Structures are given as structure tokens and as C-alpha cells.
Amino acid sequence: MAKKNVSVWTSVPFWRRSAAWVTGFATILLIWLSFDTLGQISMGTDADLKNGVDKRVPGPTVINYHIDYKMSKKRGHEVPVIGEKQLFFGKEWSEKDAAALLRLGKLTEQAKNCMDCHTLLGNGAYYAPDLTKAWLDPAWQKGGPMQGMTGKNTVEEAMAEFLQHPSQYPTHARMMPNLGITAQEAKGLVAFLKHMSSIDTNGFPRNFSKTVDQFKAGGTNAH
Amino acid sequence: MFEAFTDVNHSFFGFLNQGPLTLTIFLHTIIILPMFWIYFSEKKRLENEQ
């Protein structure tokens, strides 16, 4: 029997099978990607920090360490570098206490709606500075104008003081409103910010160090 | 073609995503290749049907 000329392109079962394959494969792929992402963004533990296990999101006790942000030639962007032990509000926080403080910070951040003006990890507004790496902002370090203005000696105390009384420390940038943040809530928020700065965000926000260099050269660090 | 993995955590998709468009090219390839098989099996079925 001679084979007839047939048109596969006008065959409904062909398109049905193709569509079923593409949709089915994409569904499985998306489910797989979701679980892959869950593993990538799961929070590390205190033991991970002590054993030097790299986690994208370090455990809450990362607030007990000095955090730096350095250009990685290998990865082509800046990465957080967790360094030596550093007291946070004058003490070393246990795993339980650090987790509780971070939780308070997260709840305060949600209750006061920081994202109304600020951006956190890419979510929020750009009315006020991006807070993703705020902990590393040189303005808050020793010798920086924000720390100098509050009259405190550490980044965490200066930030906590500012958060409680923002209207007392006006800058050339848009003024932060007084949100009635308590001393304990301010501590939580600063812990939240310090932890957030230690998260590996694949170099987001882009060109952070560039703004730091501009700042050191006498330029403005306001975004 | 194969470069050292540079991401924080090892993952299959991270490995595929090391160069420009590598993930896209890989996914398109594995999605489209079976469609050749679908095409020819469907062609064979239509030919035998008539």
C-alpha cells in the first residue's frame, strides 16, 4: 500500500499532544523550581555559622558577627562577608534570643509598614533609601554623619536612636516620620536590618560599593 | 563550555544558569526534542490510518 500525503500540521491530535507535553513539562518544571528555591532560601542555623557553611540566608545569630560587603571577582558582584565576632547592643545573643529579636523586628517592620517608603530585598518603595544593605551604609559607621548626629558610638545604637526619634535628626534628604517605635522595637528593627544585610542577594542592590566610594569622596549617599 | 560553579549553594538550575541564555537554551532543547518524536509518530499514524 502506497503511503499517502498527509498533513500533520492540520492534525488536531498532533497539536493536542504537543500542547499536553509542553504544559505537562512546564508544570513539573515549575514545581521542581519551587522546591529548588525553597532549599536555596531556607535560613541557616547557628551551627552553620560556626562551621562556616555558606547559606544564602544565615541564621539569626549572624547579628553576633561583623558583616562586610566585598566585591567577588569570581561571581562578578558584591557578596556579604561574615567576619569576626562583634557584640550587638553590648552582648552576644543566644540562638533563641537572636531569633526572638529578629521576629520582633520583622513584626515591627510589618506593623510600621516600612515598605510604604523604603525597599527591602527588592520589595517596597523608593521614596526613602533602600534598606536591603542599610546596615553597611557608611553614614552609620564610625565617623559617618548619621552616627555622629545621634552621638552614639556603635551602628546599632545610632540606628536605634534614630528610629525612635527621627524628627530630632533631620537630614538634607526626605525626613522620616515619627512612627512611635519603642526602644525594644528599635532593637528588633536594627537586628532585622543587620540580618538582612548578611543575606546573599546576588549583588542587589546593584553598585552599592560605588555609592559608598562616592560618599567617601565627599559625594552624597542619598539615593 | 563548562565553568566552575560560582553560586552560593549548589543546585541543578544554578549550574545551568552560569552563562548567558544557557538555561533558556537547555530548556528549549529538552522541550522541543520530544516534539520531533510527536510529529513523526503522528505522521506515521495518519499515514497508516488512510
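The model is predicted. Chain A holds 7 helices and 4 strands. Its C-alpha atoms fill a box of roughly 95 × 40 × 40 Å along the principal axes. Chain A has a radius of gyration of 24 Å, whereas a compact globule of 223 residues would have one near 17 Å.

**Order of elements**

- Read from the N terminus, the elements of chain A run α-α-β-β-α-β-β-α-α-α-α.
- Strand 1 of chain A covers residues 65-72, and strand 2 of chain A covers residues 77-85.
- Helix 3 of chain A covers residues 95-111.
- Helix 5 of chain A spans residues 155-164, and helix 6 of chain A spans residues 183-197.

- Strand 1 and strand 2 of chain A run antiparallel and are joined by 7 bridges.
- Ile67(A) has Ile82(A) in strand 2 of chain A as its bridge partner.
- Asp68(A) stands opposite Val81(A), which also belongs to strand 2 of chain A.
- In a regular strand, side chains alternate between the two faces of the sheet.
- The hairpin has 4 residues between its strands.
- Gly76(A) in this hairpin takes a positive phi near 80°.

**Helix 6 against helix 5**

- The axes of helix 5 and helix 6 of chain A lie 9 Å apart, and the two helices pack at an angle of about 125°.
- Helix 5 of chain A is therefore oblique to helix 6 of chain A.
- Their crossing is right-handed.
- Helix 5 of chain A brings Glu156(A), Met159(A), Ala160(A), Leu163(A) and Gln164(A) to the contact.
- Helix 6 of chain A meets them with Ala183(A), Ala186(A), Lys187(A), Leu189(A), Val190(A) and Leu193(A).
- By class, the residues of this contact divide into 8 nonpolar, 1 polar and 2 charged.

**Helix 6 against helix 3**

- The axes of helix 3 and helix 6 of chain A come within 7 Å and cross at roughly 100°.
- That angle makes helix 3 of chain A roughly perpendicular to helix 6 of chain A.
- From helix 3 of chain A, the contact takes in Leu101(A), Leu102(A), Leu104(A), Gly105(A), Lys106(A), Thr108(A) and Glu109(A).
- From helix 6 of chain A, the residues include Gln184(A), Glu185(A), Gly188(A), Phe192(A) and His195(A).
- Lys187(A) and Leu189(A) of helix 6 take part here, and they also meet helix 5 of chain A.
- The contact of helix 3 with helix 6 of chain A has 6 nonpolar, 5 polar and 4 charged residues.

**Where chain A meets chain B**

- In the contact between the chains, 20 residues of chain A touch 15 residues of chain B.
- The chain A side divides into 8 nonpolar, 3 polar and 9 charged residues.
- Helix 1 (residues 12-41) of chain A packs with helix 2 (residues 22-49) of chain B at an angle of about 155°.
- Their axes are 10 Å apart.
- These two helices are therefore roughly antiparallel to each other.
- They cross in a right-handed way.
- Helix 1 of chain A makes this contact with Pro13(A), Phe14(A), Arg17(A), Ser18(A), Trp21(A), Val22(A) and Phe25(A).
- Helix 2 of chain B makes it with Ile31(B), Pro34(B), Met35(B), Ile38(B), Tyr39(B) and Glu42(B).
- By class, this contact of the two helices has 10 nonpolar, 1 polar and 2 charged residues.

**Backbone details in the loops**

- Most residues other than glycine have a negative phi, and most peptide bonds are trans.
- Phe89(A) has a positive phi, near 55°, and is a residue other than glycine.
- Phe89(A) sits in the loop between strand 2 and helix 3 of chain A.
- The peptide bond from Phe204(A) to Pro205(A) is cis, with omega near -10°.
- Pro205(A) lies in the loop between helix 6 and helix 7 (208-216) of chain A.

Methods:
Residues numbered from 1 in each chain as written. Chains lettered and ligands numbered in written order. Predicted model: local features only at pLDDT ≥ 70, side-chain atom pairs only at ≥ 80, totals over all residues. Contact = placed C-beta atoms within 7 Å. Nonpolar A, V, L, I, M, F, W, Y, C, P; charged D, E, K, R; others polar. Pairing = 2+ DSSP bridges. Axes fitted to C-alpha atoms, helices over the stretch in contact; angles between N-to-C directions. Parallel < 35°, antiparallel > 145°, perpendicular 65-115°, else oblique. Left-handed = near helix turned anticlockwise from the far one by under 90°. Rg over C-alpha atoms; globule rule 2.2 N^0.38 Å.
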